[in-house]
Amino acid sequence: MPIEVSDVPPAPPFAPVRRALLSVYDKTGLVPFARMLASRGIELVSSGGTAHHLRQHSLNPIEVGSLTEHPEILGGRVKTLHPTIHGAILARRGLMGDDADLDALGIKPIDLVVVNLYPFEEAIAQPDVTDPVAAENIDIGGPALLRAAAKNFAHVTVISAPSEYPRLEPLLEAHRNSVPLEDRRVLAGRAFERTAAYDRAIGEYFRASDELRLRLPHGQALRYGENPHQKSTYYGDLAGQIEHLHGKPLSFNNLIDLDAALGLIDEFKADDPTVAILKHTNPCGAATAATLVEAWERAFATDTQSPFGGIVVMNRACTQTVAEAVDAIFTELIIAPRFEPGVLDFLRRKKNRRLILTKPYARPTTDMRSVLGGILCQDADSPAADDQMRTVTRRSPTDQETADLSFAWRICKHVKSNAIVYVRNRCTLGIGAGQMSRIDASEIAIAKGRKSGLDLTGCVVASDAFFPFADGLIAAAECGARAAVQPGGSIRDQEVIDAADARGIAMVFTGKRHFRH
């Protein structure tokens, strides 16, 4: 049964502030705030570190220890956890029993409690945090003070963050050093919210090994999901990653494609001008060249049909020349880290196009997806550019082939498995994506290149996983491939190496695969 309440006087409409307890970790704004209180004749009580800070600025608070007649112990872990302090906060003014207890023990009420907490959330955000560090940053006395003051909001005002300091002076000025009940109640609610969030962060830290909890802000409701009959909402901080400069609101599918495009172009941040064109999250053309417009032209030449209604992403500022070239076809999204002057005005002429400015941000370190009513989590796939290539054939790749193999490998990582990519001069010639067999993916990539009128002679080929049989490599060789990159790791690796050697193909293993399901 709930605790019954009887003989408790109603909360006064205004509660005077005659004595304030200040015990804070974050000293931001503390000194001017304490000076304001002292100038109004409010007595200051403070604990060790806070008292020392105030004395350094010519303020003279009463030490908590002088009230409790007990020194701080355990290196400051225990200082305010004492009946003299909590009795002064929790006493219900005007209640005969409470008043009598205070008189008998010589306790003077505390009317204002100003507390902020040890930085637990900041501590656990450090990549090298340990349990001892996390535990030392768990505040005990602070939450107890906040909860005590908030519980007794009928008589006590509580301040739980430096951002609330400016709120108090006008109230004290307007109401002769008193705080209205409505404001006390609001501040109490904020204190409880702060301690609840603090405890939740602690609980989540200790649950991290066996439970996943996600707390993401409501970003925006979307028109619909993957299909019109599906409702959809984005949760997260989209504005922290991109700026939507023009066009209709982003859809579910737009966001999926946008994420895929940013993941791919991230592989080429430090490279020469690079452009990729994607459709349904798969690249249908990509190229690196001396200029951005040349990169666009070569990427588009890979497949002149699929880019209609697709996504264009680049690693350099979009110029007027590039904008005019891209404008020749309809594209859903144009994504760039910057748009040169006048380019946006030109591109905004088409209302159905969406223009996206990318912002510098750290790509997520965890990849999550929903399956079977649960969540699968894994480390995000590492950049393909970091993989080490090891020659396994008699012939080593030339410098040009090495550059093409590196380019092909990075593109192949972002093609749905099974994935095969043909490249020459850092430009895609054919891409086979999402096939049930690797030989099918290779044949499709070859067919698409030939359909676009491209000659594959002297190209290189990348496979996102090992060739399970030599047939895939043989097919690549027959269409003109002179070098190959693959993870290796098949029981038939030697068979594939022998096939490469027999055809004069240079082949490198990365020791790492990049499946993309």
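In which loop does Ser417 lie? In this predicted model, Ser417 is placed in the loop between α15 (399-412) and β19 (420-423). The points below begin with the surroundings of Ser417, continue with the contact of α1 with α9, and end with α2 and His57.

- Although Ser417 belongs to a loop, its relative accessibility is 14%, and because buried means under 20%, Ser417 counts as buried.
- Once neighbours within four places in sequence are left aside, the residues in contact with Ser417 are Gly434, Gln435, Asp464, His514, Phe515 and Arg516.
- With Asp464, one of these residues, Ser417 makes a polar contact from side chain to side chain, at 2.5 Å.

**Helices α1 and α9**

- The axes of helix α1 (residues 30-39) and helix α9 (residues 165-174) come within 11 Å of each other and cross at roughly 15°; since angles under 35 degrees count as roughly parallel, α1 is described as roughly parallel to α9.
- The crossing of α1 and α9 is left-handed, and the contact is made by Leu30, Phe33, Met36 and Leu37 on the side of α1, together with Tyr165, Leu168, Glu169 and Leu172 on the side of α9.

**Helix α2 and the residues after it**

- In helix α2 (residues 48-56), the buried residues are Gly48, Thr50, Ala51, His53 and Leu54, and the elements against which they pack are β2 (19-24), α1, β3 (43-46) and β4 (62-63).
- Just after α2, Ser58 takes a positive phi of about 65°, while His57 has its place in the loop between α2 and β4.
- His57 counts as partly exposed because its relative accessibility is 29%, a value between the limits of 20% for buried and 50% for exposed.
- A polar atom of the side chain of His57 lies 3.0 Å from the backbone oxygen of His53, which is itself among the buried residues of α2.
- Leaving aside neighbours within four places in sequence, His57 is in contact with Val31 and Arg35; the C-alpha atoms of His57 and Arg35 are separated by 9.4 Å, although these two residues are 22 residues apart along the chain.

Notes:
Residues are numbered from 1 along each chain as its sequence is written. This is a predicted model: local features need pLDDT of at least 70, side-chain atom pairs count only at pLDDT 80 or more; totals for chains, interfaces and linings use all residues. Side-chain values use heavy atoms; hydrogens and water are left out. Helices (H or I, at least four residues) and strands (E, at least two) are DSSP runs, numbered from the N terminus. Buried means under 20% relative accessible area, exposed over 50%, partly exposed in between (1.4 Å probe, protein chains only). A polar contact is a pair of N or O atoms within 3.5 Å; within protein, one must be able to donate a hydrogen and the other to accept it, and residues adjacent in sequence count only if both atoms are side-chain atoms. Contact means heavy atoms within 4.5 Å. Axes are lines fitted to C-alpha atoms, for helices over the stretch in contact, and angles run from 0 to 180 degrees between N-to-C directions. Angles under 35 degrees count as roughly parallel, over 145 as roughly antiparallel, 65 to 115 as roughly perpendicular and the rest as oblique. A crossing is left-handed if the near helix is turned anticlockwise from the far one by less than a right angle, and right-handed if clockwise.
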